[in-house]
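Colleague: Could you take me through one part of this model in some detail? I would like to start where the two chains meet and then see what lies around that.

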Amino acid sequence: MAERREVTYPLVIAGGEIVDANGRRRADVGIGADGRIAAVGDALVADRSLDATGCVVLPGLVDLHSHLREPGGEDAETILSGGRCAARGGFTGIVAMPNTSPAVDSAAVVRQVLDAGREAPCEVTTAAAITVGRAGEALAPMGELADLGVRLFTDDGSGVQDGRLMRRALEYGRGLGVTLAQHCEDAALAAGGHLHEGEWSARLGIAGQPAEAEELMVQRDLALARLTGACMHFQHLSTARSVAMVRAAKAEGLDVTAEATPHHLVLTHACCAGYDPVFKVNPPLRTDADVAALRAGLLDGTIDVVATDHAPHPAQAKERPFDQAPPGMLGLEVALAVVHTELGADLGFDGIVRAMSVRPARIAGMADQGRPVDVGEVANLCVFDPALTWEVSADDTASRSRNNPWAGRTLTGRVRHTIFAGNPVVEDGSLA
Amino acid sequence: MRHLLDIADLGGREGIEDILELTDRFVEVSNRPIPKVPALRGRTVAWLFYENSSRTRLSFETAAKRLSADTANFSVGVSSVNKGESLRDTARVIEAMGVDAVVVRHSSSGAPHRIAGWVDAAVVNAGDGWHQHPTQALLDCYTLRQHIGDLAGRRIVIVGDIKHSRVARSDVDAFTTLGAEVTLVAPPTLLPPSLEGWPVTVSHDLDAAAADADVVYVLRMQRERMTEALVPSLREYTARWGVTAERAACLRSDAIVMHPGPVNRGVELDAVVADGPRSVIVDQVRNGVAVRMAVLYRLLGHAGAVGEDDIDG
C-alpha cells in the first residue's frame, strides 16, 4: 500500500462506488497515460481528479441501436453529433444503424462511417444492411463487410420480408460468425399504420398497425433461427406476445437475443392523444400490458438489452400532422436516467450494467466495451449520480434534432462524467 | 371554449345545448329578408382547407358573411402538403396575418389540434381525417331536436363506414352526450379496431338494429374502400348495409333518415328514400349555416346571451 501511494495517476475517478459484472465496491479508479485502468483502490493520488462522491462508476454504456443519419441525413444528426449525444448519456460505444442514404451496404460506406466515427467522443461501430439498399431483394456483401469489422447485420427501419432470403442470410451469416438482427414488421399487415392499432388509433382516427405485424415476423424468424442454427438478435421488441415467444425460444435453446427501448418500457399509445408526432415511433408505443410484459422480460433476462433506437428528425419533419411525420425519437442522452428512474428499483445497477453495457458489448462484438472495472482494461466508464433530479429539456442537447419525448419530465439520476478510452469526454454533465 | 376541435371542447351537455340555443337565434336571423347582422363586423375568419369540400366551405362562408365577418381564403393545394410543407409554417403565416379565427379542414386527423397549439386565433375544425367534424354533429343534433325533440333515450342507428368517418365519431360523442342510445351498424371491416370507451352498442345486422330505431343515420360509402378489400363489392354493401326502399319501408313509421352528404344515391341510400318523407337531409344542410353562425359567434363574439345589437338587422 505504501508503494502505491507514491504513484501519481494522470486521472483518478475519486470517491465513487463501482458497479460492474463483478459486483459493487467502493474504490477510486486510477487511469494511466495509455488510457487503461492502472489501479482500483483507496485514496489514489492523481494529477487530475474527477469527483464521483455519491456516484456509481459503471462500465461505459453501449448502445446497440443508434441512428446517426450520416451519410445522407446530416440535417438530423451526424456521426459526431450523435456521438456527442452518446457521451452525454454515458455511452462509450454505439452501433450505427445502416438505414442511411446511401445505406451501409458496401465497403465504401462502412469505411466512411467508421472513419467519421473516429472523430466522435465514443467508439462508433456500424451495423450493415442485410440486403443491398435495404431493398430486401439481394444479399449485401456480408463477408466483405464482416472483414471490415461489421458484426451485426440488419435492414432496420424495415424487416426482411422474404422468408427465403432471410433464411439464406442467416445461414450465410452463421458461417461468418456474425449476428443478424431484425426489425420485425410484416410490411403488408403494418402498411399505412402510424400508431398502435387499438383504443387510441380508433379514437384519434388514425390508421394503426396491429401488434401482430411484429409478432408474425418474430414467429417466422424464430422458426428460421431454429432451422438454420444461426445467431439472431431481435430489435426493439414492443409486444407482450413477442416477449413470450422469445422467452420460449430461449428455453428451447435457440441462439437468440432481444432488445427493448426505454420508450417501449415506459410510454404507451395514450401518449399520442395530443397528436404530437414526437410520440410517433416504429414500432409504435403500445399498451400498458405490453409495457408490463417488456419490463418482466427485462427483469427475467428474456430481454437482454436496453437499446435506445435514437432516431433524430429535424424540427420541420415533426411539424407535420401525425400521419405525415416520420417515426422516431431521440434517446441516447436520457436513456440511462429514464431506465434508472423507471426501472432502477427493480433492475438495480447490476441489472443496468448487464442490459446497457455487458450484453450489448458482447452482441456488438466490441472487445473493449462492457468490461469489468479492472486493472488493465481500457478505461471506458460512466459516472452516474443517482440522486440528482432534473427536468429534461429538448433544447439541452448535443443532437441536431429536438424530437425528445421525455422533454418536460423529471428524472432521477444523471450522467456526471463519461470517460472514453481514458479521456474525460463529459465532465460534470458537460462535453469536454 | 377557445377552439372547437372536437365535441369534447364544448364541455358536455350544457355546452352543446348552449350552441343549439344560440342556433335558434341565428335560424331566426337566417329567415329574415336580409339575413345579415353586424355581430362579427371587423373580425376576420380565414379558411384553411387542405381537402376539397365545397359544401362545408360554402356553409361556413355563408355563416361568416351573415355575421358580417371578413373572410379570407388561405389557398392550400394538395401540392404544398406533398412538398412536405410544415404545418407550423402555415400556422406562422396565419398568426402573422392576425386573423381572429381559422376554419381548418385537413385529411390528417389531428391537424387542427396541432395548429391550435401554435396560434392565438380560434381554430374551428371543419373535419380532420377520420377524427372529428364537430359542426356536422352540432347541426345533426339541431336537426334531430327539430324532428324528434329531446334525444334522451332515443335510439339512433349509425350505419356505414364508421371506421373512416369523422362524422360518426363526432355524432357518437354528441348524440350520447345528449342522452341518446347509439347503435353502430357496419361490417367488422368498417368498424374501428377498438371501441373501448365508446358508449355504443354494435351490430352487423341493419334490419335487426333499425327495426325500432327513431333515427337511421346513413354514412357515405366511399368507393375507394373497394380497393382496400374492406367489402367485396358495392353491390354486396348495398344489399346488406344500404338503406334501400324495401328496408326503409320496414322502419318504424315515425323514424327519420339522415345523411351528412353528399349521398351516393343507390349505394348507401336509395334515391327514393333520400328524397322521401323520412329524409331530413335538406334540413341538415339548411341548419348547418345557423349552427356555424352560432359556433363562430361563440368563439369570436361574446359569452352569454346574444347581444341585441349584434343581431340587429
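How many residues of chain A are in contact with how many residues of chain B?

Modeller: Happy to, with the reminder that this is a predicted model. At the meeting of the two chains, 19 residues of chain A are in contact with 21 residues of chain B. On the chain A side, helix α7 (residues 199-204) gives the most, with five residues. By class, the side of chain A that touches chain B has six nonpolar, seven polar and six charged residues.

Now for the chain that carries this side. The secondary structure of chain A comes to 13 helices and 21 strands. Its radius of gyration is 21 Å, close to the 22 Å that the globule rule gives for 432 residues, so chain A is as compact as a globular protein of that length. Along the principal axes, the C-alpha trace of chain A spans about 70 × 50 × 40 Å. Buried residues make up 61% of the 432 residues in chain A. Of the contacts in chain A between residues at least 6 apart in sequence, 75% join residues at least 24 apart.

There is also a contact region inside chain A. The domain assignment gives domain 1 (2-57 + 373-431) and domain 2 (60-364), and 27 Å separate the centres of these two domains of chain A, taken over C-alpha atoms. Here 30 residues of domain 1 of chain A are in contact with 39 residues of domain 2 of chain A. On the domain 1 side, β2 (17-20), β18 (381-391), β19 (410-420) and β20 (423-427) of chain A each supply at least two residues. The largest share of that side, seven residues, comes from β19(A). The residues of the domain 1 side divide into 17 nonpolar, nine polar and four charged.

β2(A) pairs in the parallel sense with strand β7 (residues 56-59) of chain A, over two bridges, and Ile18(A) stands opposite Val57(A) in β7(A). β7(A) and β18(A) run antiparallel and are joined by four bridges. Within that pairing, the partner of Pro59(A) is Leu381(A) in β18(A).

A few backbone details in chain A deserve a look. Most residues other than glycine have a negative phi, and most peptide bonds are trans. Ala421(A), in the loop between β19 and β20 of chain A, has a positive phi near 50°. With 18 C-beta neighbours inside 10 Å, Ala421(A) counts as partly exposed. Arg69(A) also has a positive phi, near 65°, and lies in the loop between β8 (61-66) and α2 (79-88) of chain A. Why does Arg69(A) count as buried? Because 29 other C-beta atoms lie within 10 Å of Arg69(A), and the cut-off for a buried residue is 20 or more. Then there is the peptide bond from Asn282(A) to Pro283(A), which is cis with omega near 0°; Pro283(A) lies in the loop between α10 (262-266) and α11 (288-299) of chain A.

Buried residues make up 50% of the 313 residues in chain B.

One helix of chain B to look at is α7 (residues 166-177), whose twelve residues reach 17 Å from first C-alpha to last, close to the 16 Å expected at 1.5 Å a residue. Eleven of the twelve residues of α7(B) are buried, among them Arg166(B), Asp171(B) and Phe175(B). After α7(B) comes Gly179(B), with a positive phi near 95°.

Chain B has a cis peptide bond too, joining Gly261(B) and Pro262(B) with omega about -10°. Pro262(B) lies in the loop between β9 (256-258) and α11 of chain B. Val272(B) is in that helix, α11 (residues 271-274), and is partly exposed, with 14 other C-beta atoms within 10 Å. Val272(B) and Ala248(B) are 24 residues apart in sequence and 9.5 Å apart in space, C-alpha to C-alpha.

Conventions
Residues numbered from 1 in each chain as written. Chains lettered and ligands numbered in written order. Predicted model: local features only at pLDDT ≥ 70, side-chain atom pairs only at ≥ 80, totals over all residues. Expected span 1.5 Å × (residues − 1). Domains from an automatic or database assignment. Contact = placed C-beta atoms within 7 Å. Nonpolar A, V, L, I, M, F, W, Y, C, P; charged D, E, K, R; others polar. Pairing = 2+ DSSP bridges. Rg over C-alpha atoms; globule rule 2.2 N^0.38 Å.
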